[in-house]
Amino acid sequence: MEDLIKALTILLKYGNPHYPTHCEHDELTINSDIDPKKVSKEDRRELKKLGFDVDADKDHFFSSRFGSC
């Protein structure tokens, strides 16, 4: 749980959407209001270590590690 809290704390620097996450098909998705292009390279590297990647369209972060629904 500590890694999830760390990841969400990083993402909070880039936005605070009312509905921040969505879970479907064993994937936790971060609301696209947080634009991965605006997240620093350092934070993107740390998010990757914590289990979050950017989707193929590069419009949101997701995690299969924290996504079991």
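User: Is Thr-29 buried or exposed?

Analyst: Thr-29 counts as buried, with a relative accessibility of 18%, where buried means under 20% relative accessible area, exposed over 50% and partly exposed in between, computed with a 1.4 Å probe on protein chains only. This is a predicted model, in which local features need pLDDT of at least 70, side-chain atom pairs count only at pLDDT 80 or more, and totals for chains, interfaces and linings use all residues. Residues are numbered from 1 along each chain as its sequence is written, and side-chain values use heavy atoms, with hydrogens and water left out.

User: Where does Thr-29 lie, and which residues does it touch?

Analyst: Thr-29 lies in strand S2, residues 27-30; helices (H or I, at least four residues) and strands (E, at least two) are DSSP runs, numbered from the N terminus. Leaving aside residues up to four places away in sequence, Thr-29 touches Pro-20, Thr-21, His-22, His-60, Phe-61 and Phe-62, a contact being heavy atoms within 4.5 Å.

User: OK, zooming out: what order do the elements run in?

Analyst: From the N terminus on, the order is α-β-β-α-β-β, which comes to two helices and four strands. The radius of gyration is 11 Å, close to the 11 Å that the globule rule gives for 69 residues, so the chain is as compact as a globular protein of that length; the radius is taken over C-alpha atoms, and the rule is 2.2 Å times the number of residues to the power 0.38.

User: And how much of the chain is buried?

Analyst: Buried residues make up 33% of the 69 residues. Among contacts with a separation of 6 or more, 53% are between residues 24 or more positions apart.

User: Switching to charges, how many salt bridges are there?

Analyst: The search of the whole structure finds four, each being a side-chain nitrogen of Lys or Arg within 4 Å of a carboxyl oxygen of Asp or Glu. One of them joins Asp-43 and Lys-13, at 2.9 Å from N to O. Asp-43 lies in helix H2 (residues 41-49) and Lys-13 in the loop between H1 and strand S1 (21-24), so the pair ties together parts that are 30 residues apart in sequence.

User: Are those two partners buried or exposed?

Analyst: Asp-43 is buried, with a relative accessible area of 7%, whereas Lys-13 counts as exposed at 59%.

User: What about Arg-65, which side chain does it meet?

Analyst: Arg-65 meets Asp-3 in a salt bridge, again given as 2.9 Å from N to O. Arg-65 lies in the segment after strand S4 (61-63) and Asp-3 in helix H1, so this pair ties together parts that are 62 residues apart in sequence. Asp-3 counts as partly exposed, at 23% relative accessibility.

User: Which residue does Lys-6 pair with?

Analyst: Lys-6 forms a salt bridge with Glu-2, the closest N and O atoms being 3.4 Å apart. Both lie in helix H1 (residues 2-12), four residues apart, about one turn of the helix. Lys-6 is partly exposed, with a relative accessible area of 39%, while Glu-2 is exposed, with 56%.

User: Last topic, backbone angles: which residues have a positive phi although they are not glycine?

Analyst: Asp-26 has a positive phi of about 60°, and it is found in the loop between S1 and S2, where it counts as partly exposed at 46% relative accessibility. Lys-58 also has a positive phi of about 60°; Lys-58 is found in the loop between strand S3 (53-54) and S4 and counts as exposed, at 51%.
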